Structure formats: C-alpha cells, structure tokens
Amino acid sequence: MSLNDQTSSSFLPMIKRSIIATIIAFFLFLPTLGIKTSASGGVDGLFLTYRWLLLGIGCGLIFVGRIAYELFWAPKEGGQKAEKAPSSLAKALGSAKVAKTIGPVLLGFAIIFPFLPFSDRYILDLGILIITYVMLGWGLQIVVGLAGLLDLGYVAFYAVGAYSYALLSIHFGFGFWMCLPLAGLLAATWGIILGFPVLRLRGDYLAIVTLAFGEIIRIVLLNWRSFTGGSNGLSDIPRPSFFGLPFNQSENGFAATLHLEYSSMHRIIFLYFLILALAVFTFFVTARLRRLPIGRAWEALREDEIACRSLGINTVNTKLSAFAIGAMFGGFAGSFFAAKQAFVSPESFNFMESATILAIVVLGGMSSQLGVVFSAIAMVGGVELLRQLQFLKVIFGNDFDPSQLRLLLFGLAMVLMMLWRPRGLVSTRMPTVFLKDKKTVSAAMISQGRG
Amino acid sequence: MSQPLLSVNQLTMRFGGLTAVDAVSFDVHRNHITAVIGPNGAGKTTAFNCITGFYKPTDGQIVLRHKDDNEFKLEEMEDFRISQHAKVARTFQNIRLFGGMTVLENLMIAQHNHLMKASAYTIGGIFNTPSYQRAQEAAKQKALAWMDRVGITDRADDPAAALPYGAQRKLEIARAMCTDPVLLCLDEPAAGLNPKESEELNALLRSIRDTNDVGILLIEHDMSVVMEISDHIIVLDYGRKISDGTATEVRNDPAVIKAYLGVVEE
Amino acid sequence: MNYFIQQLINGLTLGSIYGLIAIGYTMVYGIIGMINFAHGDVFMVGAFVSLITVIIFGITGTTNIALGIGALILVAAISMIIAGVYGWTIERLAYRPLRGSFRLAPLITAIGVSIFLQNFVQATQGARVKPLNAIISGGFTILEGNDFVVRITYMQILIVVLTFLLMSGFTYLISKTSLGRAQRACEQDMKMAMLLGIDVNTTISTTFIIGAALASVAGLMYLLYYGVIDFYIGFSAGIKAFTAAVLGGVGSLPGAMLGGLVIGLIEVFFAAYFSSEYKDVAAFSMLIVVLIFMPQGLLGRPEIEKV
Ligand SMILES: Nc1ncnc2c1ncn2[C@@H]1O[C@H](COP(=O)(O)OP(=O)(O)OP(=O)(O)O)[C@@H](O)[C@H]1O
Ligand SMILES: [Mg+2]
C-alpha cells in the first residue's frame, strides 16, 4: 500500500481521533493551564485567573501532536506489535568486544577531561556530579539489576554515608580516608539492619518498605536537631586534603608546596579524580563480584528464588549481602558528597534522588555497567541542560521559573525513555563464565525477578 | 537389607480443610529407584515438598540417614539446609531453571556452597587466589562432566530458556546432581518427553542409581518409565498410601486398579 | 479522656481520606499488580480541581447546610470527572503500552508521571500553598469535661458519612456487577479473561477511572478538612494511603478502608501524645511491622506459593 492510499483512507478517522484527544486534553488542561488560583491577600484568600490563550495553545499542541504522532511514529495498523528489536547501538553496547573497547576509551577520556580547554569549573562540577551518579548507579545495580530486589530508598544509604562522614570528621576530626571506609561500613550495617526483617517480603512490598525507610531516615535527619542539625544541616565539614596538603593559599598548602600558583581549580580537579577513583574502584569490585559465586547467586535469585533454595543457597543471606554491598557503595558516594560540599542537609536526600538513581539503573539496563554510564550522562547531563532554559524567560516573561520546567521535563523524559526502551539501553546480559564462546543472553530470556 | 536412606513416617499435610497427604509412611533405599505414582491431585508433589522442606508437614517424621549414620530430621529443617546439609536434591514439576543464565552457569550455581567456601566467602574470590581458581576450574569440570553425561554439552553457553523442553528436563537433573546429593527427588521428569527422550531418561536414571550411590525418589505418570525402572513403587490416592511393593505386585493390586480405572463393574 | 475522644474523631476523619485514596491503589494493584505511583498525585489534582470549583461556585462560608452540601456534591462530581480523565489518560499513555513488558518499566513511568504531575501543577498553579476558608462551618459539642471540650464539626460528619456512602456503593459495584466480575477475572488470569471475551482494556481503564474519581473525592475532603493544599500533598498522602492498602490487605476494598482508618488513627494519636514531627515515622514503621508479621494484611488472603 502506498503512503498516499493510506493517508487518504485513514485521514478522517485520524482527524476524529485527534479531536477526541484534544477534548481529553481540554479536560486535563482546564484546571491547570486554563484556570489559575492565586492568593489575593484579601480576606477570602483566593481568586481565579483565566488563561484561555494558554489553554488554547495547550489543546492546539495536542491536536497537532496527535496528528504528527500518527503520521510519523505510530506503529502501522495491522503491524505486529512485537517487542522492538534492540537498535544497533544497543546491540553494540551489549556485545563483549565493544564493551571491552568502549570502557577504556571512556576511562581515558575521563582522565584527560579536566585538562581539556573547555573544562571550566562548571563543567568539572557537572563531571563530578555525573560520575557520582554513575557510582551510585553501579551500587544500586547490584541490588536491583543483579539480585532483582526493588529498592526505592537507596538514597537512605547515601545519606547515612554523608552524615557519617560529616559527624565523624566534625566530632572526631577523622580525615577523609579514615571516614570513607567507616561511612561505607555504617551504610552497609544499615543495609543489614533494614534488610534483615524485610528481605523476606514479596517484591513490590519490598519496594514500598524501602521507600518508607528512606523517608524515615530523612524525617529523623530533619528532626533530630541536636545530632544532625535539623533542616539547617551540618556545615563546616573539613574538606579533604591532598595527602595532608590542604587546598588553600597557606604556606603549607597544596599549591605552595608544589610551587604552583594557587588556583581554586586545584581542589575541584582533586575532587574530580577522587570520585573518578572511587567510581573505578566500584566498577572493578562490582564487575568482579558478578563473576564470583556470590554474584552468580544474586542473579540466580533474580531468576528463580525457589530453585535457589532447592540448591542449598541461603537466600536471605544472599539478599542481605546484595543489600549491604549496594548500601556500602552508596555510603562511599555519600561520604564523598559530604566531603565535596562541606555541608549536608536532609534536603539532598529526598525521594527524587532515589527515583533518579533507580531510573538510571533501569534505563541503563539491569546488568550492563556500560549502560549505566550512558544513562547517567543522559539523565544528569540532560537535566543540567534543562537548567539552561533561562532563555525561556524571554518568551514567558520574567516571573517564569525554568527550574520548575526542568523537573517537569525530567518526569516526562522518564516516561518517554521507558516507553522507548522498556528494558533499558542495554538489555542483554553477559554470561559470567563460559565453556567455548561467550554469547550474550537476549533480554527475552532474562527473568525480571519478583523483587 | 541395610537401614533405609529415607524413612517417612505417618507424614500428614493439611491445607485448611484439605488433607493432601494423609498419614503416609514409606522407605527409600540407597541405589534404588523408588517411584511414587497416583492420579492427579493424589498428593505426590505435596509429599515431595514436605521431604524437601518447601512445606512444613502438619504431622509425621521424615528421617534421612547418611552413610556415616548421621541422621537428619527433615521435617524440622529449612528447605535450603536440607539441600545443603542433608544432601537432598530435587527437580520441579514445572521446570525451574535460571532461564536467563547459561547451561554452564546453571550448573555452577548448583555448586554455590562449595564455591563460596573456596572463595573464602568472596574475599579470596575478589583477589582471585590460586585456591579459588582451582576450585572454580574443578567446578567447571564437574559441570562439564554432567553436561556430557546428560548430553547437552554443545549447548553449554546457551541460556537455559533457549533449550528445547527435553534438554531442560535433563539440565534440571544435571543441576540437581551437581549438588552431590544422597537422595535425588524427581517430580515427573518424563512429562512432555517423546518416547525416544523417555528411553534416554530411563538409561540416565539407571546409570545414576548404579554409579552415583544415591537413592532416587521419582514421581511419574508415564507408566512405561515407572514399570521399567522402578525397584519399588508407592501408590497414593487422595493423600493415602493404597499400595506399596514391586512393579508386579503393584500392577496386580486391586486397590490400584480401582484407583486408576474406577470401580470395575461386572 | 475527652482529649482521647477528640483525637479519635480526628483520626477517623483523616483515616477516611486515606482509605478513599487507598482504594485506588488496592484496585489497581489487584488487577495489574503494579504500584500506581502517580495515584497520590491524582489525588492532589483532584484537590486542586475541587478548589477551583469551590471558588467558582463561591460557596465558602455558608451556614445553610443544605445548600452547602448540595454545592459540595456538585463540586465532587466535577472533580471526579476531571480526575477520572486524568486516571484514564495516565493508564492509556504511560502504563498500557508497557503491559506485559519488563516489570520495572511501568514503575519507572509511574514515578515519572508522578514527578511530571507535581511539577505541572506547580508550574501552572504556583508553588505557594492555597488556603481556603471553611465551607461548612460549625459543629456541635458532644462532651464537655472540666478541662476539655469534645467537638465534632459538620465537616467531619460529612467526610465520614460521604466516605461510608461511597464505600458501600463501590463495594456493591465490585461484588455484584459485571464490572466487578470482569475485574476479578482479570485479577486471576488476564489471558484467560481475554479468551473468555472480557474486554480487559476497558476493565483496567474503568478501574483507573474509579480509583482516580475516589481519590479526587479524598482530595476534596482533604481540602475541606485542612483548608489548605499545595502541589506536594500527593506524595506523603500517597505513601500513607498505599501503606493503608497494604495494611488492609492488597486487593480488598474493606481492607483498604480499614487500613486507612488505622493509619489515620496512628498518625493522629502519635501526633497528639508523642510527637507531631515523627508522626510519619510512626505510620511508616507501622507499615514495616505489619508487612513483616502479617504480609497478607488485615483482610487479605494469605498467599502461598505453590512449588
Ligand atoms: N499450597 C497449597 N495450598 C492449598 N492446597 C494445595 C497446595 N498444594 C497442593 N494443594 C492441594 O493438595 C492436593 C494434592 O496436590 P499435589 O500437587 O500434591 O498433587 P499431585 O499428586 O502432585 O498431582 P499431579 O499429578 O497433578 O501433579 C491438591 O488438591 C492440591 O490442590
Ligand atoms: Mg504434582
């Protein structure tokens, strides 16, 4: 059938469907775009502003968008709606050879990154942020991707790490390298404390319990003022030094000792390499763990818990180990966060954070470490790009706050990306051991775990 | 005859008002194939689940004896400990493989506890100590041996879910055997097999019985398998044991005929 | 003692609100086995629609109870319709394309929808809280002790009565009509239901619409009870309502209601007797404790996995 036939024969129904979509959109937009409640400051509190133009624009966009969707993206009628074949990019990322080459290339790039001409402070900060999320993603991937345990409160361990670092360094004067393992240990301990009672639970229950646990930690941090500083948080956390050389202008500072001209960038570059080192460490440990009996047991757990038990695997301990090790990396990342910011407050550890990390893992692909890197770049970098929406002020006037739109678009992007690739960027899995040749396992075979 | 490997005594399992297994007693001997047969819903799988710890029996004792006279009270043990310590392995009526993992990986996971120790609970594994490397290589060889034995070596690096049905059944048996059991419980291993595969299965089970020093407890509907290879047959009906003996004895037992064919009228 | 009774009344009122939201969670979870993470935000949208409608009708501060109730029913109807459209749209766009696909995908889209809705409402309605004067004021005193007066407001009576009516209506709907049968069939086995000629898509859509409509009534009640809403109320109310659904036993409508009441009471009493800052901790800890010791919930069926 030629395109012409098709369009002419389905033109009217298409318009009809678009009109229906527009009517629905009208209802959706009426109480949001169409009518705004504003405080008048008067006795009766509120009055309404009607924004018919905005409403009209919204509905118009839906009408046009719906037609465009049918013309360009919609699966053609009658076509089999099979699971989409992975794109060539995703296939490439999934293959062993490509992963082997891309990995070192990425690492090489990450190492020279701070010295590239365009790497100013802002870009480096963004790099640090992205690498932090990559590290968190790898940590959570153990729990969600390998062991198949859905954790919606991962940020709790990030918080435990950050506050452990802050409190230990403020009260006991411990240095960074002393605090780091302790923070990881404390986070792992919390992982076990939380995990022990709840890991028997069915998957979705586990999700909601971990979410509740994350909220509990946040509320406690917010209200235990004598210990955590409440909503003001803890400030003046000692900054990490370069093997005893502080990054300041003093006599015995880093710059003076090395006979460099003092620059505030030194500290940023140091922090950049610090998080890079931590992330690389995380990478190697998690990659290694996956090939060990424990890692295979995690994956087996995701595939079939009952079969695991029939083979003598202590599933509770196995889950706990996944939970604790995942938490530990969260704790490491948290203590880096505290060291970098020199300030922690409960606000940094809300549910949005957990959702972002989980989205990075799921979008990256449940068992692909490379996938996590790309999805972290897309998610964190993408959100950062949205920060640059200031120019929209020109269109919408000065009251307009682009940061709201940023999260709005973030939510939208989460939906669209999952619709686009429900199994993530790299959905295949690499066997951990092989006899003759290493073939990737296609997504359709892989069980998703009930947890 | 020597002490039985497994003694089930007055085993009872109730689900609410339903008594799925009702005061059933029987023995399983080492180097014997003991078959449990009975119509659908007779309580065979339930009895298996009690023996392997997936259900806690309402009543009764299940005792397993090792060669060194160690005794295990299975009704008091958790499922994974039964496999780990008492050395009872099982397969499932609805195959339960790790579908997204390769055949080789499936067989490696079966050796988990052994490999965990060898990896010094992961710590030695991280540093890839020589002793861990040796253990890992040995585990691989053992997996390979079992793949050869059941005849799926050419599929070693394929995901288990991609195997044809018959090969999956074989893999499940190989996986159970990789745990080094003294008692192997097979829940309808011939279900869905064609006659040729069924023949191969018979040969495999006989060879396991004769060379691996295990007792085999087998649930089976396929009478050609049961009658041919069983040393001993137990018949369940509505949760009760209605017959117990050799193939010939059971075949001629009126109670069995009645259970399978209904009341014979004439 | 009087203080106790007062808290009891407050707790039951709040619990009714949670219970109504919980029904949406429980029905959706029962039928497609997913946590509809955006449900709390549909509740929030419902509250905003109610707010707008209330202002349009200009019915704040009336003392004529009959008129007040009449107007409120109209407000409820309108916000049920619009929230229903929201519920339908969310299912159609964000969940249905992923049905039968990777299990975590709809959860992530649900979180995405939730983030989107919060920020959409924030962007269009502003971030500030929206206060509203009491619509129906007044009430009566039931007990008068020497130190404390127990009052029940007309508002509270309205909330509890309305919840009760809606609850019985929907329990009837679910247990007696063909929709209810279709829902249960889908719950048991969606493929089989489809083979038997049940329109699975319509059944699921209807479930979302009903859940959203009930949540919007809860939104209206929240607005009336607290007299102030903002774009963020959906998050914590949503978690608590989900807690209520789990507590009551997922899939059970009376369970959701009962769970809602228990959570409402815990929250109110904990705030009254211990600490209002940690009241959410109490509610969430309750969830953890219940799940550990009674994973099937108060009224749910125990789940045994057949091996
Ligand atoms: N977890 C359970 N809860 C309730 N009833 C159960 C449970 N497991 C088994 N039953 C019931 O116990 C009875 C025996 O079931 P079982 O699976 O043991 O039969 P079977 O002999 O293995 O049958 P088949 O040959 O069909 O596999 C059946 O009526 C079944 O419905
Ligand atoms: Mg059976």
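A residue is called buried when its relative accessible area is under 20%, exposed when over 50%, and partly exposed in between, using a 1.4 Å probe and the protein chains only. By that definition, buried residues make up 58% of the 307 residues in chain C. The model is predicted: local features need pLDDT of at least 70, side-chain atom pairs count only at pLDDT 80 or more, and totals for chains, interfaces and linings use all residues. Residues are numbered from 1 along each chain as its sequence is written, chains are lettered from A and ligands numbered from 1 in the order in which they are written, and side-chain values use heavy atoms, with hydrogens and water left out.

Stay with chain C for a moment. It has 11 helices and four strands; helices (H or I, at least four residues) and strands (E, at least two) are DSSP runs, numbered from the N terminus. The radius of gyration of chain C is 19 Å, close to the 19 Å that the globule rule gives for 307 residues, so chain C is as compact as a globular protein of that length. That radius is taken over C-alpha atoms, and the rule is 2.2 Å times the number of residues to the power 0.38. Along the principal axes, the C-alpha atoms of chain C fill a box of roughly 65 × 45 × 35 Å.

The surface of chain C carries a nonpolar patch. Its members are C:Tyr3, C:Phe4, C:Leu8, C:Leu12, C:Val160, C:Tyr273 and C:Phe274, with about 620 Å² of accessible area together. Patches are made of residues with over 30% relative accessible area and no salt bridge; like charges are joined within 9 Å, and nonpolar side chains (Val, Leu, Ile, Met, Phe, Trp, Tyr) within 5 Å. The areas come from the Shrake-Rupley method with a 1.4 Å probe, and for residues only the protein chains shown count as cover. Helix 1 of chain C (residues 2-32) gives the largest share of the patch, four residues. C:Leu12 is found in this helix. With 33% relative accessibility, C:Leu12 counts as partly exposed.

Now turn to chain A. Its domain assignment gives domain 1 (10-73) and domain 2 (95-387 + 421-446). Such bounds come from an automatic or database domain assignment. The C-alpha centres of the two domains of chain A lie 41 Å apart. Helix 6 of chain A (residues 121-146) holds A:Ile130. A:Ile130 is buried, at a relative accessible area of 14%. Its C-alpha atom is separated by 20 Å from that of A:Val144, 14 residues apart along the chain.

Next come the salt bridges. A salt bridge is a side-chain nitrogen of Lys or Arg within 4 Å of a carboxyl oxygen of Asp or Glu. The whole structure has 31 of them over all chains. In one, the side chains of A:Arg429 and A:Glu299 meet at 2.7 Å, N to O. This pair links distant parts of the chain, 130 residues apart: A:Arg429 lies in the segment after helix 19 (402-420) of chain A, and A:Glu299 in helix 13 (residues 293-303) of chain A. A:Arg429 is buried, with a relative accessible area of 1%. A:Glu299 is buried too, at 0%.

B:Asp244 pairs with B:Lys241, the closest N and O atoms being 2.7 Å apart. Salt bridges that share partners also join A:Arg290, A:Glu299, A:Arg302, A:Glu303, A:Arg429 and B:Glu105 into one network. B:Asp244 is partly exposed at 33% relative accessibility, and B:Lys241 is partly exposed at 32%.

Which protein donors does the magnesium ion (ligand 2) have? They are B:Thr45 (OG1) and B:Gln93 (OE1), lying 1.8 to 2.2 Å from the ion. B:Thr45 sits in helix 1 (residues 44-51) of chain B, and B:Gln93 in the loop between strand 6 (88-90) and helix 3 (103-109) of chain B, 48 residues apart. Donors are N, O and S atoms within 2.8 Å of the metal (3.2 Å for Na, K and Ca); water is not among the atoms, so sites may look incomplete. B:Thr45 is buried at 17% relative accessibility, whereas B:Gln93 is partly exposed at 31%.

Finally, look at the backbone of chain B. Most residues other than glycine have a negative phi. Phi of B:Gln10 is positive, near 50°. B:Gln10 lies in strand 1 (residues 6-15) of chain B. Phi of B:Asn31 is positive as well, near 60°. B:Asn31 is placed in the loop between strand 2 (18-28) and strand 3 (33-37) of chain B.
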